[in-house]
Every structure is written in C-alpha cells, then in structure tokens.
Amino acid sequence: MGDFTQAFQIAFDLLWSMDKELYSIVYLSLKVSISAVLISCALGFVIGAALTVFRFPGRRALLILFNALMGLPPVVVGLMVYMVLSRSGPLGVLGLLYTPTAMIIAQTVLITPLVAALSAQVLQELHQEYDEFFRSLQLSARDKLFTLLWEGRFGLVTVGLAGFGRAISEVGAVMIVGGNINHLTRIMTTAIALETSKGTLALALALGIILIVISLLVNTSVALVRSKAKEVIYA
Amino acid sequence: MLEQPNRAPKSAAKRRCKPMHFENVVLKINGIELIQHINCTLQATGKTIVLGPNGAGKSLFLRLMSGLMEPTSGSITGGLEEQGSLAHLDQLSGTPCMSLVFQNPVMLRRTAFENIAFVLRHHRVARHEIAAKVDAALAIARLQTRGQVPARRLSGGEQQRLALARTLIVNPHALLLDEPTASLDPLSTSIVEDMIEQADQMGTKIVLVTHDIKQAKRMADDILFIHLGEVLAHKSKRAFSKTREASRRRPISMAAYQRNKVLTKGALKIGQANSNRN
C-alpha cells in the first residue's frame with residue numbers, strides 16, 4: 001500500500017513539475033492521434049457522404065463492411081500495416097516502419113472505417129429529410145454531398161471526437177508499427193504498458209491520469225457540441 | 001368530365017408555360033392503383049386548386065406533375081415538359097420551371113437568411129445581388145426581423161412563409177404547393193395566400209393542393225376534385241360551387257374512404273422509401 005501511495009505522489013510530482021520526458025510523450029501522442037483523426041475525417045466524411053448520396057451496386061455491402069470494420073482489432077491493423085511497411089513489404093522502400101508516420105498510418109487505417117460508418121449514419125438521416133427538397137432544386141450529386149456535410153456539421157464533429165477517442169486510447173497498432181522507441185515513437189499508451197511491466201508505476205500512473213483527463217475533455221466537448229447544436233440548430 | 005374554366009386571361013399575367021395535359025395517367029405502388037386513369041388539362045396560368053379528402057391521392061398527383069414520381073402508365077405532356085421537368089432551368093431566362101412547397105417545410109440548419117441565399121447561390125445569382133434579394137424576399141414573407149434566426153427555431157407559420165419565399169425568389173414558371181397552410185394559424189395562412197396571389201399576378205401558374213373547401217373558394221380559378229385516385233370533377237370555381245350541393249347528396253362510403261386513406265398514405269411512404277433507396 002505504501003508503494004501505491006508513493007507511486008501516486010511521484011506521479012503528481014511529475015505532472016506538477018512539467019517533467020520533460022512525460023510531456024514529450026504526451027505531445028507525440030497528441031500529434032499522432034490528431035493527425036490520424038484529421039486524415040480519417042477528410043476521408044471518412046467524404047466516404048460517408050458518398051455512400052449516402054450515390055446509388056450504385058454494392059453500396060449496401062460497403063455500408064455493412066464499414067460497419068463491421070468499426071470494431072477492427074488494433075493489433076490486427078498493426079500487423080497489416082507492419083507487413084506493408086516492413087522491409088520486404090510493398091512500401092518497405094519508404095523506410096517508414098518505427099516512425100511516427102507509421103503510427104499515423106496505422107491509426108488512420110483503424111479509425112477511418114469508424115468515421116465513415118458513423119458519418120454515413122448521421123448523413124442518411126439528414127438525407128431522408130432533405131431528399132425531396134434537394135430533388136426539387138435539381139441539386140447535382142456533388143452539391144448534395146457538400147450541402148449534406150455542412151448540414152450535418154454538428155453530428156460530424158461528434159463523429160470526429162469519437163474517432164479521436166479511439167485513436168488516443170489504442171495501444172496494439174502503434175506498439176507494433178511504432179516499436180515504442182524511447183524519445184522517438186513512445187506514446188502514452190505504449191509507455192503505460194512498458195512502465196507497468198517494468199514496475200515503474202509512477203510514470204505509468206501520471207500518463208494514465210493525463211489519458212483520463214483527455215478522455216474527459218473529449219466527452220465534455222461532445223456534450224457541449226450537442227447542446228450547442230440543440231440550442232442553435234435543432235430546436 | 002373535363003370542363004375548361006371559362007376565364008379571360010389576366011391582362012397583367014404573362015403566359016410563361018403551356019397547358020399541361022394528363023392522359024390516362026396511372027400510378028401503381030406495390031400493385032395498388034393509387035392514381036386511376038387521370039385525364040385532365042391544366043391551363044398555363046391561373047390558380048388550380050386540387051381538392052379532395054385526406055388520402056385521395058392529391059399529393060401523389062402533385063408529385064407526378066412535378067416529376068418527383070413517374071407514372072406507371074399514361075403520359076403527362078405539355079406544360080413545362082419541353083424544358084424538362086421539375087426545376088429544370090429555362091435555358092433562356094435561367095428561371096426554374098417548377099418549384100415545390102411541401103406541407104411540412106424543410107428547413108436547412110442555417111439562419112432564415114441563409115436558407116434563401118442557398119437557393120440563390122444554387123441558381124448562380126451574383127454574390128453582390130444576394131443580400132438585397134434575400135432581404136426583399138424576407139420582407140414579402142414579413143420575416144424582415146427574423147433573418148438572423150436559425151430557420152428551425154422559427155414557428156411553423158414562419159417556417160412555411162420562409163419556405164414559400166425561398167421558392168418564389170427564383171421566380172418559377174409554376175408553383176406547386178402541397179397543403180401549405182394545413183397547420184397554420186389564420187394570420188400566417190393569410191400571408192401565405194397573399195404571397196401566392198402575388199405570384200399569380202406575376203404570371204406564375206399556381207397548383208395548390210388542399211382539403212380546405214373555404215380556401216379553395218377563396219383562391220381558385222378552377223378546381224380539380226380528386227377522390228380515391230380519380231378526378232371526379234374539373235370545373236371553374238363558379239361551376240364547382242353550383243354542383244357542390246348535388247355532390248353532397250352522394251355521400252362517400254366511409255369504409256371505402258378509410259381503406260383508401262390507409263392505402264395512399266402507406267404507399268406514399270413506401271414510394272418515398274423506394275425513391276430514397278434507388
């Protein structure tokens with residue numbers, strides 16, 4: 001029990017003293033996950049809108065596929081990206097393995113299906129409401145797509161935040177493609193896993209506290225976006 | 001059955017589209033005939049009121065006319081067809097041929113001002129003209145103080161006026177309205193009716209669906225009475241009023257009425273769902 005309280009004490013000291021190593025890990029985590037979310041949103045929103053607006057054979061199958069991929073296990077994504085980026089893989093020449101870029105790629109692959117599937121859900125509901133109006137205006141498919149994205153902006157921000165929540169908290173994929181190299185590819189989740197197994201609970205705890213605070217912040221923003229949307233737009 | 005309204009064309013009204021002919025138009029949804037062999041001609045100007053009880057097929061009739069739905073058989077010709085169906089732009093003037101106003105106004109999740117500006121931008125109106133045009137349209141709808149309010153926070157009546165202003169801003173050749181005042185208070189109803197009258201004065205063909213016989217009497221030039229998917233009468237307002245007494249003595253069987261109401265409403269939903277899916 002003594003060890004435990006001591007660990008907490010050191011953890012708070014680390015947080016309080018702006019420990020350089022600790023915050024470099026936090027910085028890299030945020031950099032990787034925010035980059036991945038931005039790329040995933042750019043891809044996922046357009047995929048979701050396209051699946052809503054365009055009618056083509058295989059559309060339903062794609063929707064089901066993206067829904068299924070929402071629950072993609074991170075380690076499997078890590079393994080696939082590893083195989084692609086490893087020396088003998090198709091993109092081996094780029095030498096990206098064990099770099100932050102590889103981690104961004106892995107997280108993007110992991111959360112793009114989630115963003116696409118959730119935004120398709122948001123936009124399909126809107127599309128049902130606006131379909132006849134759009135058709136009566138003879139809006140082109142492209143105009144429909146962009147109008148829907150704008151009309152669904154509040155819902156889509158929530159989707160993006162959900163994607164960020166998944167990216168920042170996953171450990172399997174970044175561990176495999178990043179390698180958890182100190183000062184290079186070590187992020188919060190991989191550091192927690194490593195430090196815990198080493199027995200240095202203080203750093204792990206400090207990172208854990210930050211991770212929980214971030215997840216609280218994300219959820220608070222979701223709630224704020226929702227209430228703002230209700231006040232301004234949906235009331 | 002078809003009796004053309006005997007009416008001198010309005011001097012102020014400029015005829016902008018040709019008469020529209022329905023020939024043997026049938027609409028089947030899931031094997032049920034919801035529109036049964038409609039034959040009629042709508043004049044190029046004036047206000048045609050489509051009257052009938054709930055579930056008579058009025059909304060389907062309007063959707064067929066607008067091109068939102070295709071007839072199973074028969075043809076709809078003339079009118080605006082040469083320039084394409086609904087809202088196809090007139091190549092010369094750049095104005096849309098038909099515009100539609102729905103019973104439940106569909107509002108974009110933006111301010112009232114932006115809702116109208118959206119349509120203008122879609123019609124490629126020059127950026128510097130938009131603000132003045134939108135303000136004028138808001139004033140006609142008596143919403144000049146509500147421009148910056150999110151459209152979905154407006155009251156039902158205000159939303160419908162905004163929807164109508166948004167439709168009229170592009171000066172369509174024909175304006176199709178599906179029970180626009182069904183759930184409005186008398187004030188909003190009268191503003192909406194004024195806006196429709198103004199459009200009529202500008203030469204816009206008006207086709208208004210309603211089940212409100214008083215409104216039909218107030219506004220109609222000619223009345224098309226639809227029941228159970230059939231056109232039972234198409235007469236000028238005066239002729240229609242005369243025959244109304246006679247038709248009252250033939251009460252509609254309640255059972256048939258209920259059956260049809262359920263069928264048409266259900267089919268309308270199925271039709272919409274189908275069109276969404278395709």
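What is the mean pLDDT of chain B, and what share of its residues reach 70 or more? I read a mean of 78, with 74% of the residues at 70 or more; pLDDT is the predictor's confidence in each residue, from 0 to 100.

This is a predicted model, where local features need pLDDT of at least 70 and side-chain atom pairs count only at pLDDT 80 or more, while totals for chains, interfaces and linings use all residues. Residues are numbered from 1 along each chain as its sequence is written, chains are lettered from A and ligands numbered from 1 in written order, and side-chain values use heavy atoms, without hydrogens or water.

I noted ipTM 0.79 and pTM 0.79 for the model.

pLDDT stays under 50 over residues 1–13, which have 27 contacts beyond four places in sequence (contact: heavy atoms within 4.5 Å). Where pLDDT is low, the predicted coordinates should not be read in detail.

Next, I checked phi in chain B. B:Asn24 has a positive phi near 50° and lies in strand 1 (residues 20–29); strands are DSSP runs of E, at least two residues, and helices runs of H or I, at least four, numbered from the N terminus. At 40% relative accessibility, B:Asn24 is partly exposed (buried is under 20% relative accessible area, exposed over 50%, partly exposed in between, with a 1.4 Å probe and protein chains only). B:Arg142 has a positive phi near 55°. I found B:Arg142 in the loop between helix 3 (127–140) and helix 4 (156–168) of chain B. B:Arg142 is partly exposed, at 46%. Most residues other than glycine have a negative phi.
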